[in-house]
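Here are some exercises to work through with the model open in your viewer. Try each task before you read its solution.

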Amino acid sequence: MISPINWIGNLCIYLCLGSSLFGIATAYSSSRSEKEVQLKRARMAVYVNFFAMTTATLAMMFALLTNDFSVSYVANVGARETPRFFAAISLWSSLEGSILLWGWLLSGYATLCIYCYRNDFKQLMPWVIVTLLSLGVFFYLVLAIPANPFQSVYPVPDNGPGPNPLLQNHWLMSLHPPMLYLGYVGMSVPFAFAVASMVTGKLQDTWVDVTRRWTLVAWMFLSIAIILGGWWSYAVLGWGGYWAWDPVENASFMPWLTGTAFLHSIMVQQRRQMLKIWNLVLICTTFLLTLLGTFLTRSGVLDSVHAFTESGIGHYFLVCIGIALIISVGLIVWRAPRFKSEGRLDHPLSRETAFLLGNLLFVCFCFVVLLGTLYPLIVEALQGVKVSVGEPFFNQMTGPLALMILFLMGVGVAIPWKRGDPKKLLKLLVWPSLLMVAVTTLSFVLGIKKGFVLVTIALVTLSFSIMIFEMITVFITSGKLFSAKPKRYGGFVAHIGILLIAIGVVFSKNYQLDNQVSLKQGESFQIGNYKIQLEKLYANQEPQRFEIIARTEIFKNEKPLSLLNPKLNFYANNREPIGSPAVYSTITSDIYLTLMAFEHDKFQATFRVMVNPAVSWIWVGGGFIMIGVLISLLWPKIEEKK
């Protein structure tokens, strides 16, 4: 028996396919004839897509919340015992649901873009629509054939296995995947404008001006997603870390790096009419990396705790990546002779030089990550041998690049456009340099002896003080700050977020205390200044899982701080228990407890105990990045309202 949800879902997917093809045809026709009526029809097709995908997504959400096991996706990830919150977010807990969400977000971005510019860019918009709808056709085909979540199931099962236990172990999974998809899919709009500019030959700065905001929004979501992903790993996986150079983590990091490079280099194009081809290369590369990341995550070719199981969509994505790559390279090569930079590097000591160096560092960083991520796949394909690239490779290769980026982050913004004056620059750097020496010396005196950490502290202090001194000076002299230059000082706030993250990463990686201990009830263990005491070991039954909980009390210098309850969760659809660490977090350090094992007859539990310095700085840094981007995007609008 086919339920109404099956009908509605499949009808919407095929409606999207049909309307996309119709929209592509009418948009192409309007580009040739310049008839407004054709363009209106193409826009209408985009709106129909959004309506249909919204209906399909709501139908799937309804099926998940009502346990309609006649729908294949619900039969695979649903369970009557799953709490409603986790049932709802299981929409993106598996392959088919995540592709459905992807298609919906793509239709949403396309609709927003087309609506915002319904009266503008008459020559560009037909090709923007063609590009976005062509991407839509790909995703709707994937939904219709290899990853259809609306297939009928017969006989209808009484219950399902429930979502992946790792995904229903923490509320952060309700945010991380949607943020990641918003970042990935958001890069489609700048790519569409780049393609439209190259096809039409409208190679002025219009596409750069338009796409800056779209890129910034997508970059912000990608930044939030990466931070939330690290937070989720920290709070769920129980190993006490937040970043392991996992292939799927790398897949999200690579477009972030090239997107960051693009956001800086478009400023050079806007101010100095340079790097025009380079910017097109960067935005096309960023978009292609989002497709590559999707392929790596969903094809099953990589072993990762974050990856989906092996599926049949890998070939579809390879074809899509190949077509997008050929079109991008072909268009850039075709139009390259018309991209003559009007500006040039006037002096080595200039902001454009600093931005160019920064771009090269970001691209080198991305290449190292790409090489380390794909190397195991290449070796296996050529030699049939499984190899892995570990954390030491990434740390050793990317560490020096990160330090140089930190240096440029501060000094680069202190250098003026076109030509810098060495004397003025040195004068500007006097107080930041003195502060850098003072903070680094104080850090050494307080016991920080590791060279890499001291260099990081020095560079972070230098960059931070340069930006803060300028912001204070501007505010004192003009009484304004963000209202004067929201892009510049919003960027400073985002940069400060990056600096905080750098400090959190370096300290937590280099000064972590880690130990494993078995305690009976009433016994305690000392680590650093903290004492961990096991108060009680007990069991608890939840609707969807069985829990073993170790109630512990944390003391610092013999004064009680907090109670922590690390758990082991047992799910019916998983052989091994899933740990749920407990964290006591402060601005200086976290106490991180993982329950490893237990002996209920002896009331004894085995813990992994860690003291992780400055981890909370990473999450705070992510907040600064988001605030900085919002200032850059929204502050002018606030001014207009005033």
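The model is predicted, so to speak of local features pLDDT of at least 70 is needed, side-chain atom pairs count only at pLDDT 80 or more, and totals for chains, interfaces and linings use all residues. Residues are numbered from 1 along each chain as its sequence is written, and side-chain values use heavy atoms, with hydrogens and water left out.

**Exercise 1.** Find out at what angle helix 15 and helix 16 pack.

Step 1: Locate helix 15 at residues 422-445 and helix 16 at residues 451-478; helices are DSSP runs (H or I, at least four residues), numbered from the N terminus.
Step 2: Their axes, lines fitted to C-alpha atoms over the stretch in contact, are compared in N-to-C directions, with angles from 0 to 180 degrees.
Step 3: The angle is about 145°, and the axes are 8 Å apart.
Step 4: Contact means heavy atoms within 4.5 Å; among the residues making it are Trp 431 and Phe 444 of helix 15 and Leu 454 and Phe 469 of helix 16.

**Exercise 2.** Determine whether Arg 43 is buried or exposed.

Step 1: Find Arg 43 in helix 2 (residues 36-65).
Step 2: Its relative accessibility is 10%, so Arg 43 counts as buried (under 20% relative accessible area, 1.4 Å probe, protein chains only).
Step 3: A polar atom of the Arg 43 side chain lies 3.4 Å from the backbone oxygen of Arg 118.

**Exercise 3.** List what Phe 193 touches.

Step 1: Leave out residues up to four places away in sequence.
Step 2: Phe 193 then touches Cys 113, Tyr 117, Phe 121, Leu 124, Met 125, Val 128, Trp 207, Val 210 and Thr 211.

Note on methods
Helices (H or I, at least four residues) and strands (E, at least two) are DSSP runs, numbered from the N terminus. Buried means under 20% relative accessible area, exposed over 50%, partly exposed in between (1.4 Å probe, protein chains only). A polar contact is a pair of N or O atoms within 3.5 Å; within protein, one must be able to donate a hydrogen and the other to accept it, and residues adjacent in sequence count only if both atoms are side-chain atoms.
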